[in-house]
Amino acid sequence: MKKGFTVLEMILVLSVISLVFLITLPNIQQKNEIIQKKGCEALTSVVDSQILLYEVDHLETPASIQDLIDEGYLKEGQDRCPNGGLIEIINGQAEVK
């Protein structure tokens, strides 16, 4: 007698796995949006801090994010949030556009 799974058992196991996947997928997508939003808020706070450092060193507010990058206060790519929003300096504060 051979041991193994029947087609019915395989269908049952695959159905359970599919059901668990379908239940968890929307939750994972929602968490990804929250993570991107929090990442953007954190990056904006970092840029605000670097604006203050620039002001202390140069006694003026930087005209753009590119000034912070050129002077070494920020790295390339830190002018964009994880969700793709562009960070700009408006009235001396970092804001996402």
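Reader: Where is L59 found?

Author: The model is predicted. In it, L59 is found in the loop between helix 1 and helix 2.

Reader: What should I look at in the backbone there?

Author: Look at phi. Most residues other than glycine have a negative phi. L59 has a phi near 60°, a positive value, and is not a glycine.

Reader: Is L59 buried or exposed?

Author: L59 is exposed, because its relative accessible area is 78% and the cut-off for exposed is over 50%.

Reader: How many bridges hold the pairing of strand 1 and strand 2?

Author: There are four bridges, and the two strands run in the antiparallel sense. As a case to find on the screen, I89 of strand 1 stands opposite A94 in strand 2.

Reader: Which residues of strand 1 are on the covered face, and which on the uncovered one?

Author: I87 and I89 make up the covered face, while E88 and I90 are on the uncovered one.

Reader: Next, the cysteines. Which residues does the disulfide join?

Author: The bond runs between C40 and C81, with an S to S distance of 1.9 Å. That is within the cut-off of 2.5 Å, so the pair counts as a disulfide. The angle about the S-S bond is 60°, and the link of C40 and C81 is right-handed.

Reader: Are C40 and C81 buried or exposed?

Author: C40 is buried at 8% relative accessibility, and C81 is buried at 5%.

Reader: How do I read a pair of aromatic rings?

Author: Such a pair is described by the distance of the centres and the angle of the planes. This structure holds one aromatic pair. Y54 and Y73 lie 5.5 Å apart, centre to centre, with 70° between the planes, in an edge-to-face arrangement. Y54 is in helix 1 and Y73 in the loop between helix 2 and strand 1, so this pair ties together parts 19 residues apart in sequence. Both Y54 and Y73 are buried.

Reader: What about charged side chains?

Author: Side chains of opposite charge can pair when their charged atoms come close. The structure holds one salt bridge. E41 forms it with K38, and their closest N and O atoms are 3.9 Å apart.

Reader: How many residues apart are E41 and K38 in helix 1?

Author: They are three residues apart, so about one helical turn separates E41 and K38. E41 is partly exposed at 39% relative accessibility, whereas K38 is exposed at 51%.

Reader: Last, which residues make the nonpolar surface patch?

Author: L12, V16 and V20 make a patch of about 280 Å². L12 is in helix 1, which covers residues 7-58. L12 is exposed, with a relative accessible area of 56%.

Note on methods: Residues numbered from 1 in each chain as written. Predicted model: local features only at pLDDT ≥ 70, side-chain atom pairs only at ≥ 80, totals over all residues. Heavy atoms only, no water. Patch = residues over 30% accessible without salt bridge, like charges linked within 9 Å, V, L, I, M, F, W, Y side chains within 5 Å. Areas by Shrake-Rupley, 256 points an atom, 1.4 Å probe, with all protein chains shown as cover. Salt bridge = Lys/Arg side-chain N within 4 Å of Asp/Glu carboxyl O. Buried < 20%, exposed > 50% of the residue type's maximum accessible area, 1.4 Å probe, protein only. Pairing = 2+ DSSP bridges. Phe/Tyr/Trp six-rings, centres within 6.5 Å; stacked < 30°, edge-to-face > 60°.
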